[in-house]
Structures are given as structure tokens and as C-alpha cells.
Amino acid sequence: MKQSIFQEFFGDPLDRSGKWKTTLLGDACSKITDGTHRSPPTAAEGIPYITAKHLKANGLAFFDDPWFVSREDHAAIFSRCNPEKGDVLYIKVGATTGLAAINNYKFEFSMLSSLALIKPNIEKCCNYYIRDLLNHPSLRKVMLGEMAGAAIRRLTLTKIKGTLIPLPPIELQAAYADRIRE
């Protein structure tokens, strides 16, 4: 249903007919980064630690298989990668690469580098638009074609930031978000 509503509002994101101006995803966002590249030891309790395994097609599912890290490890990770409610998380490594979800958790957590943190610039784009744009089958196919690496294939932050996207007016994106929330 989301895909058909997306199509109704915006059409195919690969259509470069000039209907919408285009920009790089990195220019439409205030921040794109990823979690820690050095996996800290997990703990029985502490600060939640979210990886690609927690991101599902219907959103984040941390409590299905919770992992935690120490406060010290969290502080080091969070200083660079600070997910907040409303941010978009995007899988960039593994079998489910290319899946995006909105963070609906109010609590602080740390992330592994298998996830990219995407903070939309609210003057340019809406989190619902970015999530569903990244999940659109045609753009997802392009993104998966950009994966690099031999043993472990991944999307790099450079490729994610450099993705050319259509940028409809923010008012239309907001109307879309309202419709999706209904």
C-alpha cells in the first residue's frame, strides 16, 4: 500500500524527466554516518545496541533479541553517531542491505556500522519520504548495484551520500507523510 501511495504522490524515483529537481542524498540531509566499526563486547544489561538484525521491513524490533553495551562504549559510539527519534536507519551491510526504517524509539542507543544513520534536513525533506524512497524497488535495485567489496559486500557512506534523488517540494512530502500516518 505504501508503494502505491508513494507512486501516486511522486512517481518513479528514477524518472529524470524534470518533474522534480534532483539533489544528492547527502545534500538533502543534515547528517549521514554509521555506527561503530569496532564491535564492542555485548552485555546482559546497559545501553541498547542496535544492528542490522534489529531492522525489519515493518520497522525496528530491538526487543525481539535485545543487545546491550556498557555506558563507556556507548558514550564513545554516540559521540559520533547519535540516533534520535524520527531519524532514518538504513542497512548497508548484509543480506537485507537497502532496507530503511524510521527510528520510533525515544531512548538512546548505539549502532553497529552495518547501519547508516540518516538525519533528513527538515527544511528539504521528510523522514517518511526518505524512508520510502530508499525502500522503493527501483531505487533499491540501483543501490544494491552500488555495493562494493569481495568477501563482505556493502554500501559505503560515500555512495549513500552520493545517491542522486528527486526532491519534491517539502509541502508535498509532508502531505505524503500525513497520508502514510493515517
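**Entry 1: Asn135**

I looked up Asn135 and found it in helix 4; helices (H or I, at least four residues) and strands (E, at least two) are DSSP runs, numbered from the N terminus. The model is a predicted one, in which local features need pLDDT of at least 70 and side-chain atom pairs count only at pLDDT 80 or more, while totals for chains, interfaces and linings use all residues. Residues are numbered from 1 along each chain as its sequence is written, and side-chain values use heavy atoms, with hydrogens and water left out.

I then listed the contacts (heavy atoms within 4.5 Å). Apart from neighbours within four places in sequence, Asn135 is in contact with Gln3, Gly98, Leu99 and Ala100. I also checked Ile122, which is 13 residues from Asn135 along the chain; their C-alpha atoms are separated by 19 Å.

**Entry 2: Partners of helix 4**

I examined helix 1 (residues 2-10) against helix 4 and noted a packing angle of about 105 degrees, with the axes 11 Å apart. Axes are lines fitted to C-alpha atoms, for helices over the stretch in contact, and angles run from 0 to 180 degrees between N-to-C directions. Helix 1 and helix 4 are therefore roughly perpendicular to each other; under 35 degrees counts as roughly parallel, over 145 as roughly antiparallel, 65 to 115 as roughly perpendicular and the rest as oblique. From helix 1, Lys2, Gln3, Phe6 and Phe10 meet Tyr129, Arg131, Asp132, Leu133 and Asn135 of helix 4. By class, I recorded 4 nonpolar, 2 polar and 3 charged residues in this contact. Here Ala, Val, Leu, Ile, Met, Phe, Trp, Tyr, Cys and Pro count as nonpolar, Asp, Glu, Lys and Arg as charged, and the others, Gly among them, as polar.

Next I took helix 7 (residues 170-181), which packs with helix 4 at about 80 degrees, their axes 8 Å apart. Tyr128, Tyr129, Arg131 and Asp132 of helix 4 meet Gln173, Tyr176, Ala177, Ile180 and Arg181 of helix 7. This contact divides into 5 nonpolar, 1 polar and 3 charged residues.

Buried means under 20% relative accessible area, exposed over 50%, and partly exposed in between (1.4 Å probe, protein chains only). In helix 5 (residues 137-145), I found Ser138, Leu139 and Met143 buried. They lie on the same side of helix 5 because they cover an arc of only 135 degrees around the axis, the arc being that of the directions from the helix axis to the C-beta atoms. The face turned away from the buried side of helix 5 carries the exposed residues Lys141 and Gly145.

In helix 3 (residues 71-78), the buried residues are His74, Ile77 and Phe78. Their arc spans only 90 degrees, which puts them on the same side of helix 3. On the other side of helix 3, I noted Glu72 and Ala76 as exposed.

**Entry 3: Pro83**

I located Pro83 in the loop between helix 3 and strand 7. Pro83 counts as buried, at 3% relative accessibility. Neighbours within four places aside, Pro83 is in contact with Phe78, Asn103, Phe109, Met111 and Leu117.
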